[in-house]
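I opened my notebook for this model and wrote down what I looked up, entry by entry. Have the viewer at hand and follow along.

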Amino acid sequence: MSAKSETPNPETPGALWRRNLPVWAALMALLALSAWAAYWPFGRIDTALGFAIAGVKTALVALVFMQLKHASGLVRIVAACGLFWAAILFTLTLADVLSRMVNR
Amino acid sequence: MSGADVEARLREPWSDLETDHDTAFARQRAGATFGIWVFLASEALFFGALFLTYTATRLAHPEAFAAAGRETNIVYGTLNTAILLTSSLTMAVASQAAEKGLFRRMTLWCLAATAALGLAFLVVKGFEYREDIEKHLVPGARFALSQAPAQLFFGFYWLVTVVHAIHLGIGIGLVARLIEKGRRDPEFLKENPQVEVTALYWHLVDLVWVFLYPMLYLPGRSG
Amino acid sequence: MSTTASPTGLADPDELDLGLPVSYLADGHSVRSWLLTTDHKRIAILYAVTITVFFFIGGAAATLVRLELATPEADLLRADTYNKLFTLHGVVMVWFFLIPSIPNTLGNFLVPLMIGAREVAFPKLNLISWYLNLGGGLLAVAALILGGVDTGWTFYVPYSTVFSNTWVSLTVLGVFTTGFSSIATGVNFIGTIHLLRAPGMTWFRLPLFVWAMYTTSLMFVLATPVLAVTLLLVFAERTFGLPIFDPARGGDPILFQHLFWFYSHPAVYIMVLPAMGVVSELITCFARRKVFGYTFMVYALVAIAVIGFFTWGHHMFTSGMSPYAALVFSFLSFVVAVPSAIKVFNWTGTLYRGQVGFESPMLYALGFVGLFTLGGLTGLFLASIPIDVHVQDTYFVVAHFHYIMVGASVSAYFGGLHFWWPKITGRTYPETWARFAAILMFFGFNLTFFPQFIAGYLGMPRRYHVYPPEFQIWNVLSSAGAAVLAVAYLMPLGYLTWSLLFGERAKNNPWDASGLEWRTTSPPPRQNFFGAPRVQGGPYNYHPEGVAPVHDQPRLPSQGSLT
């Protein structure tokens with residue numbers, strides 16, 4: 001929505017692709033890195049890296065493709081709420097699951 | 001857009017607002033964006049709960065999950081991730097072009113590419129399912145792996161990939177609807193909030209897969 | 001409904017025919033005009049009809065349960081029939097009556113009116129929501145009645161997935177479908193309240209009922225998807241044999257309980273926050289007072305909605321959950337009591353020096369405050385681990401949650417129904433009957449559920465159809481109370497139906513209440529308002545700031561006409 005005011009010059013198809021193609025290229029590079037890193041012999045670090053890359057990809061898609069970068073404050077709050085409540089679910093459940101595992 | 005166009009595009013209750021049509025239409029668009037984002041937040045909790053099930057189970061049985069993760073086909077998985085990420089690119093371009101009411105032909109082609117890539121994903125997934133069934137990766141008496149918790153991994157695998165495929169199927173339907181309407185009515189796609197709503201939903205389905213990729217295809221590759 | 005088809009559409013025959021548009025009830029009489037309507041007011045009526053049917057289905061099951069429990073022996077029902085009946089009662093009452101009760105009927109009707117809007121933000125979605133609710137409800141009720149389910153409303157695994165031979169899958173599918181109805185309603189209300197408030201209707205001028213609907217919608221949107229997933233997992237494990245929680249293969253049944261209660265604890269607040277909203281409207285109107293501490297009432301609603309998501313583990317103290325997690329959940333459960341207590345203090349503070357009237361809605365509201373306090377305080381007993389371990393799975397727990405869910409929420413629903421009945425239907429009901437029903441409901445409720453606190457504390461376990469004879473006295477009291485309660489619930493069905501047919505035409509603002517919804521005709525026109533409402537001041541403008549209402553003055557709001 002707000003992107004409209006930020007690009008006053010008439011848009012060309014080229015400009016659209018120039019804005020989005022680099023993101024796609026980065027996503028592909030991250031995917032390749034992710035697949036490659038899974039074979040590194042570092043055990044748990046591989047797993048962490050796999051999910052970290054997924055997080056970076058999510059950030060790229062959300063900010064550029066989903067235009068969260070240009071979205072209104074309200075929409076950003078909604079997106080943040082989704083993440084925050086998922087975090088509540090994860091934190092408190094894993095608090096139980098992990099402390100039960102330690103006890104065992 | 002001319003005044004008559006905007007008026008035709010206005011829906012209840014935005015058409016009743018005490019403002020001029022352009023302002024009302026802008027608010028209608030903002031409302032659509034806001035509404036779909038609230039729904040996406042809801043979806044984040046939906047898939048969050050599924051991912052939590054996976055996380056808790058994997059923490060309890062790391063070896064079995066590594067052994068099970070090795071059995072999935074990483075080639076199909078990686079290919080499908082690439083397909084979906086590419087479909088997000090075409091969807092994003094279509095949405096951004098439609099938002100400004102520009103390049104109708106390109107918008108239609110991008111939408112068609114998006115739907116085609118979504119279908120390609122499902123085809124690849126179908127091949128993968130066939131291979132999984134042949135390798136006895138369906139939980140039950142004839143399951144291929146000896147560790148019992150490996151069945152939990154594949155219980156999750158089948159459930160979550162099918163739920164994701166259903167979401168993707170809905171997405172393909174929504175995109176196909178836009179293509180059909182956009183082909184018939186040259187003005188349909190221009191500044192239509194439905195394009196953005198469909199695009200945001202599509203991206204979410206893509207993002208779910210982005211997380212499923214390390215969950216289903218990457219465990220146990222190094223060991 | 002055809003009774004309201006007056007030639008002018010005006011409800012009050014004393015008013016002049018100003019050529020005003022017809023009421024929403026007169027705006028089309030065909031079945032189609034109801035079943036395909038996008039009018040939020042008509043959808044509210046559709047919801048009211050369906051939840052009333054579900055309420056009496058669930059009530060019938062409860063009646064049989066109470067009849068069986070009148071004696072210690074099994075003389076009316078067999079064990080598995082009893083199990084199926086309390087499951088039917090729980091599932092229907094929770095998901096098909098309580099959850100949609102206030103939000104989808106009163107909320108749907110009133111939210112746009114109260115904020116000065118013509119419609120909800122997504123009218124078609126609103127209608128879809130009703131069909132999802134109806135479809136899910138019919139599916140679940142059909143499964144529960146034709147086949148029966150013996151798991152209890154909680155569907156705990158592994159019993160529900162591995163062992164139970166009853167119609168769990170279909171029931172779960174029905175509840176799953178209804179979940180999407182809740183999400184749709186939540187999206188709709190959040191969108192409406194954010195985007196469609198009338199000019200001048202700022203956030204801190206919103207009536208507390210609207211704030212309650214907003215916070216409830218947050219919970220609809222953020223909690224319901226987790227229930228959907230939980231039930232989907234049960235469905236997949238049962239129907240397709242996909243092991244998720246199966247302990248035989250290393251699965252974790254406690255994980256199911258985490259997911260289930262992540263929804264089902266906030267679900268309690270989904271039931272009680274709307275009730276709080278209703279009661280705030282009633283108490284201010286019938287005490288002729290501004291609400292005491294408006295901003296804190298708002299903060300308390302938001303705090304309950306947010307903190308309510310942090311406390312679910314107190315349902316799981318005896319499940320085998322880690323004791324460290326139990327401590328954290330216990331502490332957080334005590335924290336959520338603080339905003340609830342603030343609300344009770346503020347309601348009583350509102351009554352202080354008020355010109356209190358005892359019309360029937362107010363009787364329900366006062367009953368709510370007492371029953372909610374008792375239910376809330378016994379909740380604190382249960383939030384402390386040692387007492388919970390003692391009374392877990394006894395009638396103490398049953399009594400506690402009925403005080404909240406029936407004593408508080410259902411009282412508030414009836415209170416709200418009576419308060420807004422003239423606005424919704426354009427008819428008045430017989431006030432004497434209504435007062436009698438309200439008082440009877442209060443006494444019947446306490447007679448039913450207070451003995452259960454005692455029986456539970458003495459050790460009577462829930463979910464058994466036979467029990468040791470020493471508990472019989474408490475059960476006889478409880479069953480007798482249930483009979484009184486049944487009469488009290490049937491009475492409104494009678495006299496409200498009577499009022500639809502023969503009731504007097506209602507005035508536009510029969511209670512002289514201050515909200516925007518009273519600034520239009522009873523019943524309102526399709527467009528809700530004549531002209532565009534503009535809001536000049538805050539809610540509950542019953543008297544000037546800082547002054548107590550003068551007693552025996554005519555009950556008129558000081559707020560001027562807003563349209």
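How are H6(B) and H7(B) oriented to each other? First, the ground rules: this is a predicted model, where I take local features only at pLDDT of at least 70 and side-chain atom pairs only at pLDDT 80 or more, while totals for chains, interfaces and linings use all residues. I number residues from 1 along each chain as its sequence is written, with chains lettered from A and ligands numbered from 1 in the order in which they are written.

**Entry: a helix pair in chain B**

I looked up helix H6 (residues 149–184) and helix H7 (residues 193–216) of chain B, and found them packed at an angle of about 155 degrees with axes 10 Å apart. Helices here are DSSP runs (H or I, at least four residues) and strands likewise (E, at least two), numbered from the N terminus. Axes are lines fitted to C-alpha atoms, for helices over the stretch in contact, and angles run from 0 to 180 degrees between N-to-C directions. H6(B) and H7(B) are therefore roughly antiparallel; the cut-offs are under 35 degrees for roughly parallel, over 145 for roughly antiparallel, 65 to 115 for roughly perpendicular, and oblique for the rest.

I noted that H6(B) passes H7(B) in a left-handed crossing (left-handed if the near helix is turned anticlockwise from the far one by less than a right angle, right-handed if clockwise). Among the contact residues I listed Tyr157(B), His164(B) and Leu168(B) from H6(B), and Tyr201(B), Trp202(B) and Trp209(B) from H7(B). Contact requires C-beta atoms, placed from the backbone, within 7 Å. By class, this contact has 14 nonpolar, five polar and no charged residues. Nonpolar covers Ala, Val, Leu, Ile, Met, Phe, Trp, Tyr, Cys and Pro; charged covers Asp, Glu, Lys and Arg; the others, Gly among them, are polar.

**Entry: where chain B touches chain C**

I found 32 residues from chain B and 35 residues from chain C in the contact. On the chain B side, helix H2 (21–60) and H6 are the elements that give two or more residues, and H2(B) gives the most, with 17 residues. That side divides into 18 nonpolar, nine polar and five charged residues.

Next I followed H2(B) to helix H6 (residues 168–195) of chain C: the axes come within 10 Å and cross at roughly 140 degrees. H2(B) and H6(C) are therefore oblique to each other, and their crossing is right-handed. The contact includes Phe34(B), Gly35(B) and Phe39(B) of H2(B) and Ile190(C), Gly191(C) and His194(C) of H6(C).

Most residues other than glycine have a negative phi, and most peptide bonds are trans. I found a cis bond from Val157(C) to Pro158(C), with omega near 0 degrees; Pro158(C) sits in the loop between helix H4 (123–147) and helix H5 (159–163) of chain C. Another cis bond runs from Ser522(C) to Pro523(C), with omega near -10 degrees.

His136(B) has phi near 60 degrees, a positive value in a residue other than glycine. His136(B) is partly exposed, with 15 other C-beta atoms within 10 Å (buried means 20 or more, exposed 12 or fewer, partly exposed in between, with C-beta atoms placed from the backbone).

**Entry: chain A**

Finally, I checked chain A and found four helices and zero strands. Of its 104 residues, 30% count as buried.

Methods:
Contact = placed C-beta atoms within 7 Å.
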